[in-house]
Amino acid sequence: MANRGKKYQDAVQLIDKEQEYNTEEAIELVKKTSIANFDETVEAAVRLGLDPRKNDQQLRGAVVLPHGTGKTQRVLVFAKGEKAQEAEEAGADYIGEEDLVNKVQQGWFDFDVVIATPDMMAQVGKLGKILGPKGLMPNPKTGTVTMDVTKAVEEVKAGKVEYRVDKSGNIHAPIGKISFDTDKLAENFKALIDALVKAKPAAAKGTYVKNTAVASTMGPGVRISTSTLNLK
């Protein structure tokens with residue numbers, strides 16, 4: 001706390017660290033404790049009862065948030081022929097084949113999401129060491145390796161977010177912006193939780209959703225009571 005500014009310290013005083021709030025209360029507190037002079041991203045953190053070191057307890061996927069993320073995503077699609085045309089009609093920002101593979105290899109990164117048709121993966125695979133560390137490598141589990149490029153592009157533009165469990169069993173994902181209404185952020189949060197519950201690995205034992213919290217980019221975290229989430 002000593003290294004934090006006065007605004008942050010004042011914001012922390014508004015939160016009872018010993019209390020777990022319901023979703024709407026937590027989001028209201030996140031909005032009240034937003035201290036930045038820009039439209040901060042609101043992020044959810046979910047601790048899951050998984051051991052990611054075991055292959056059967058890995059978790060990776062994506063969910064389309066009902067109210068989007070508040071961010072315009074630039075979509076790069078590796079496709080050719082009719083699929084390239086479909087990608088263009090769906091609103092993809094960049095479409096290409098080997099030409100764009102070469103461009104990325106040379107350091108071009110003016111995109112946020114990468115989608116590829118299966119027949120392009122032999123070429124796109126060359127970018128594994130470049131896109132992988134940035135979390136941009138297309139993957140069938142997140143719907144970014146697909147022949148249905150129209151659906152893939154439209155979902156990203158509508159507010160699709162990817163999630164992946166880290167080595168500690170945590171999921172971090174954006175659920176919107178501070179400027180969103182509380183109910184819209186709450187519905188986006190619920191959509192994320194529902195997706196995680198639906199994707200629960202069969203090997204997971206014991207309590208699955210252990211704890212959850214929400215926070216703005218620069219603000220303190222606020223814990224949400226799992227007992228209020230109607231987990232199935």
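D112 touches K71, T72, Q73, R74 and L136, leaving out residues up to four places away in sequence. D112 sits in the loop between α4 (98-105) and β5, and this residue counts as buried, at 17% relative accessibility. The model is a predicted one. The protein chain has an average pLDDT of 92, and 98% of its residues score at least 70.

**Confidence**

- Where pLDDT is low, the predicted coordinates should not be read in detail.

**Helix α3**

- The buried residues in α3 are A84, A87 and A90.
- These residues cover an arc of only 125° around the axis, which puts them on the same side of α3.
- On the other side of α3, the exposed residues are G81, E82, E88 and E89.
- The cover over the buried residues of α3 includes β3, β4 (94-96) and α7.
- After α3 comes G91, which has a positive phi, near 105°.

**Helix α7**

- Helix α7 spans residues 149-158, and V149, A152, V153 and V156 are buried in it.
- Seen down the axis of α7, its buried residues fall within an arc of 95°, so they line one face of the helix.
- Among the elements that cover the buried residues of α7 are β3 (75-78), α3 (81-90), β5 (113-116) and β6 (160-164).
- G159 follows α7, and its phi is positive, near 120°.

**How α3 and α7 pack**

- The axes of α3 and α7 come within 8 Å of each other and cross at roughly 25°.
- Angles under 35 degrees count as roughly parallel, and α3 and α7 are therefore roughly parallel to each other.
- The crossing in which α3 passes α7 is right-handed.
- On the α3 side the contact is made by K83, E86, A87 and A90, and on the α7 side by V149, T150, V153 and E154.
- A87 and A90, which belong to this contact, are also among the buried residues of α3.
- V149 and V153 take part in the contact from α7, and both are buried.

**Helix α2**

- T23, A26, I27, L29 and V30 are the buried residues of α2.
- They cover an arc of only 160° around the axis, which puts them on the same side of α2.
- The elements that the buried residues of α2 pack against are β1 (41-48), α8, β8 (209-216) and β9 (222-224).

**How α2 and α8 pack**

- Helix α2 (residues 23-32) and helix α8 (residues 182-198) have axes that come within 9 Å and cross at roughly 120°.
- That angle makes α2 oblique to α8.
- The crossing of α2 and α8 is right-handed.
- The residues of α2 that make the contact are T23, E24, I27, E28 and K31, and those of α8 are T182, L185, A186 and F189.
- T23 and I27, both part of this contact, are also among the buried residues of α2.

**Residue E187**

- E187 is a residue of helix α8.
- With a relative accessible area of 40%, E187 is partly exposed.
- Not counting residues up to four places away in sequence, E187 touches P66 and H67.
- E187 and A45 are 142 residues apart along the chain, and their C-alpha atoms are separated by 15 Å.

**Residue A173**

- A173 is located in strand β7 (residues 170-177).
- The relative accessible area of A173 is 0%, and the residue is buried.
- Apart from its neighbours within four places in sequence, A173 is in contact with V42, E43, A44 and L192.
- From C-alpha to C-alpha, A173 and K157 are 16 Å apart in space, and they are 16 residues apart in sequence.

Methods. Residues numbered from 1 in each chain as written. Predicted model: local features only at pLDDT ≥ 70, side-chain atom pairs only at ≥ 80, totals over all residues. Heavy atoms only, no water. Buried < 20%, exposed > 50% of the residue type's maximum accessible area, 1.4 Å probe, protein only. Helix = DSSP H or I, 4+ residues; strand = E, 2+ residues; numbered from the N terminus. Arc of directions from axis to C-beta. Contact = heavy atoms within 4.5 Å. pLDDT = per-residue confidence, 0-100. Axes fitted to C-alpha atoms, helices over the stretch in contact; angles between N-to-C directions. Parallel < 35°, antiparallel > 145°, perpendicular 65-115°, else oblique. Left-handed = near helix turned anticlockwise from the far one by under 90°.
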